[in-house]
Every structure is written in structure tokens, then in C-alpha cells.
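Colleague: Please bring up the model, and let us then go through it in turn.

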Amino acid sequence: MSSVTLRGVIKRYGQLEVVHNIDLAIEEGEFVVLLGPSGCGKTTTLRMVAGLEDISQGEIEIAGRVVNSVAPKDRQIAMVFQNYALYPHMTVRQNMEFALKPQKLSAQDVAARITEAVRILGLEALLDRRPSQLSGGQRQRVAMGRAMVRTPKVFLFDEPLSNLDAKLRTQVRLEIAKLHKRLGTTVLYVTHDQVEAMTLADKIVIMKDGHIAQVGSPEEVFAHPRNLFVATFIGSPAMNLIPAEVQQANGQAMLSAGPLRFPVPALIAARLKAGQKAVIGIRPSDIQVAPDGTPGHDASIEVTEYLGSEALLNLRIGEQELCAQIPASSRPSSDRQSIRVNFDPRHLHVFDAASGEAIRA
């Protein structure tokens, strides 16, 4: 196992800077996911760690050694690509053997490594097949096996599940989680899929426009987003955002948004001033349907989406559209046009409208 450290890493193509001053520390054995939309710089960052892209400025360190000028084959890393990158004319066994050629191992050692990787990934019946005879999920497992036999200090995954259908993505994601748990190798994993990030990562690095927007555990980035970008990128369905203004009423600071009025959480009251524009964030799962006859906000039901164990209520309160995520068993009857809802004040997020930054104590 090895740590990976990026210090002030910048990538330019000519005059265009696409990765801006990245600082990141990955501990030994940690599973770190680079998450963000297309074009945010996450794959370029991964390729710089792999040595497939030159660094314009800064340092990358693997296992305590600066590798800026070290060739990819000498960095003790193994990379699993989105498109599998298997040799089509070789069998599964031959693809794995070829990955070990640079190490000049004995035939006995090669056979032992392949046997172990095949056992872990359940590839025994596929060793004599060529890639064209495999499913997408099988090809990705072979690509993982080919990386494993090299016994790297760091695994790099570049959107490895994006070519698979939904069912296969779930299966291979589980294989990757099992593999990391069994081997304990340091992993740097790139994806734009938040489900992959939330289920696999020890630590998520959310990127936007070549910058790091937030670093934290899955729980941290979900419960305490640093800004509006992170708040809306993490969570499915996405966080509800309500434009609001800070007002004073009877000595109490309130967040006013049309018919909705929320008391300002005590911990941040001192950081807000009357007339300030803000944005209230509410997770769909933090909106509750009020029982009949109890206080609440009147909401009209626009659409109800049934998803098996849960349901999504697309609601309107005044001009504000909201999504509520509730247990399917408690969804209103199909002929009901309105309900009352409540918001848990402990779970409100408040952002400055101008900067987009979260307002915290």
C-alpha cells in the first residue's frame, strides 16, 4: 500500500489552464473518488497521477517518492480504463500474462498470480476466451484482474462502469468494493456517478471547473455541503433550493420566501443581516407530510412518482416547486390534489445568494 500526494498540481494546454492548483492527500489503503461533471478535470488529474499526462506545475508523490519525471511503468500503479483496453486477439489468460511481462517473473510466479486473481474475481471458466466472447461485466472483471496481477501500490480507475447497463454496474461496483476490502490497496477512482462515489468511497473529492469544490467523507459532503454546487450535485433526488430574504419579525430573524417563512437557525443568526439575499436548501427526504388536522404548509400535488419502496411528490407551494421523498406506503391517494407538509428546521441548509457559499456557525 502507498499514499499519494498532490501538491499545487496544475495542468495547462498551451495558455489554457484546465486543472488549477490541486492539493490532495490520499492515505495508504484509502479509497478516494474524484467526482464531478464532464469536463471538470477529474480524468486529467487521474492521468497525471498515472503519468499519462505531463504536469505543468506542482508535484505528485507516490509512496514518498516524487514521480513527476518517472515513466508510467515505473510508478507501481495499475490503471483500469473505461473501455477495458484488452487485447482482442489474446485470451483472458494471455491478457493477464502480458501485463506481467515487464516484471520478468518466472513462469511459476506468473501462474500463481493469475490463479489468485482469477479465484478472487471468479474468472476460472473464462481463461481461454477472447474479449469478444465476454459480456461487458466479464471484460471489466478481466481488466481488473489484469491490474491485480501486477500487485500495484495504487489502483487507478477511470470511469470503469460507464459502459455497463444498470444491473451490471451494480454487480461490478460490488466486485470493486470486495476487491478493495480484500486487498486493502490504495485506490483513486474517477466517476461522474454520485451513487458510485457514495457507495464506494472513504473520501470524495468533488471537482468543478478544474478546482476542488469539497473534500470529505460521503456523509460529510451530503450532510454539510460547502456550497450550492456541492449541495445540488450530491443527493438524488437533488436538494430543493428556495430563494429567500432575511427579515426581522418581533425580534426574530426569519428567512422569507413567499408564503414560506423559516426561523433562522440560532447557530447562524449572527452571520445574517436584514435584507440579505439567501438560498434555503432542503433535502427531499427532510420534507414530511403532515397528518390530517395538524399544522403545516398547504401544498398542491403536481405529480406523484412511485418508485417501489418510496415515492416522490412533486409539489407546489405558491410559486415554489419542491420535491418530497416519502415512504411509498404513506403516499396520498391518486385523486388527492393537495396536502400539508412540514420542514425539519434542524436540516435546513442556508447559502449566501451572491457567493453560493454555505453560511455556517
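Colleague: What volume does the largest cavity have?

Modeller: This is a predicted model, in which local features need pLDDT of at least 70 and side-chain atom pairs count only at pLDDT 80 or more, while totals for chains, interfaces and linings use all residues. Residues are numbered from 1 along each chain as its sequence is written, and side-chain values use heavy atoms, with hydrogens and water left out. On a 1 Å grid over the protein atoms alone, a cavity is a set of points where a 1.4 Å probe fits but cannot get out; the points are joined across faces, edges and corners, and the volume is the space filled by probe spheres set on them. The structure holds 1 cavity of 30 Å³ or more, and the volume of the largest cavity is about 50 Å³.

Colleague: Which element gives the most to the lining of the largest cavity?

Modeller: Lining residues have an atom within 4 Å of a point, and here they are Phe31, Phe155, Phe157, Ile176, Leu179, His180, Leu183, Thr185 and Val187. Two or more of them come from each of strand E7 (154-158) and helix H5 (166-183), where helices (H or I, at least four residues) and strands (E, at least two) are DSSP runs numbered from the N terminus. With 4 residues, the element that gives the most is H5.

Colleague: How many residues of the cavity lining are charged?

Modeller: Ala, Val, Leu, Ile, Met, Phe, Trp, Tyr, Cys and Pro count as nonpolar, Asp, Glu, Lys and Arg as charged, and the others, Gly among them, as polar. On that basis the lining of the largest cavity has 7 nonpolar and 2 polar residues, and the number charged is none.

Colleague: Which elements give two or more residues to the lining of the largest pocket?

Modeller: A pocket is an open set of points with protein on both sides within 12 Å along at least five of seven lines, and the largest pocket holds about 690 Å³ of space. Its lining has 22 residues, with Lys73, Ile77, Ala78, Ala99 and Arg150 closest to the centre. By class, the lining comprises 14 nonpolar, 4 polar and 4 charged residues. The elements in question are strand E6 (77-80), helix H2 (92-100) and helix H4 (136-148).

Colleague: Which element has the largest share of the lining of the second largest pocket?

Modeller: This second pocket, of about 420 Å³, is lined by 19 residues, and Ala223, His224, Arg346, Leu348 and His349 lie nearest its centre. Helix H7 (218-223) and strand E20 (349-352) each contribute two or more residues. The largest share, 3 residues, belongs to E20.

Colleague: Why is helix H1 described as largely enclosed by the rest of the structure?

Modeller: The buried residues of H1 are Lys42, Thr44, Thr45, Leu46, Met48, Val49 and Ala50. Helix H1 (residues 42-50) is largely enclosed because the buried count among its 9 residues is 7.

Colleague: With which side chain does the side chain of Glu30 make a polar contact?

Modeller: Glu30 sits in the loop between strand E2 (16-26) and strand E3 (31-35) and is buried, at a relative accessible area of 15%. Contact means heavy atoms within 4.5 Å; leaving aside neighbours within four places in sequence, Glu30 has contacts with Ala25, His180, Thr185, Thr186, Val187, Asp202 and Lys203. A polar contact is a pair of N or O atoms within 3.5 Å; within protein, one must be able to donate a hydrogen and the other to accept it, and residues adjacent in sequence count only if both atoms are side-chain atoms. At 3.4 Å, the partner of the Glu30 side chain is that of Lys203.

Colleague: What is the relative accessible area of Gln140?

Modeller: Gln140 lies in helix H4. Apart from neighbours within four places in sequence, Gln140 is in contact with Val80, Phe81, Gln82, Tyr84, Pro160 and Val172. Gln140 is buried, and its relative accessible area is 0%.

Conventions
Buried < 20%, exposed > 50% of the residue type's maximum accessible area, 1.4 Å probe, protein only.
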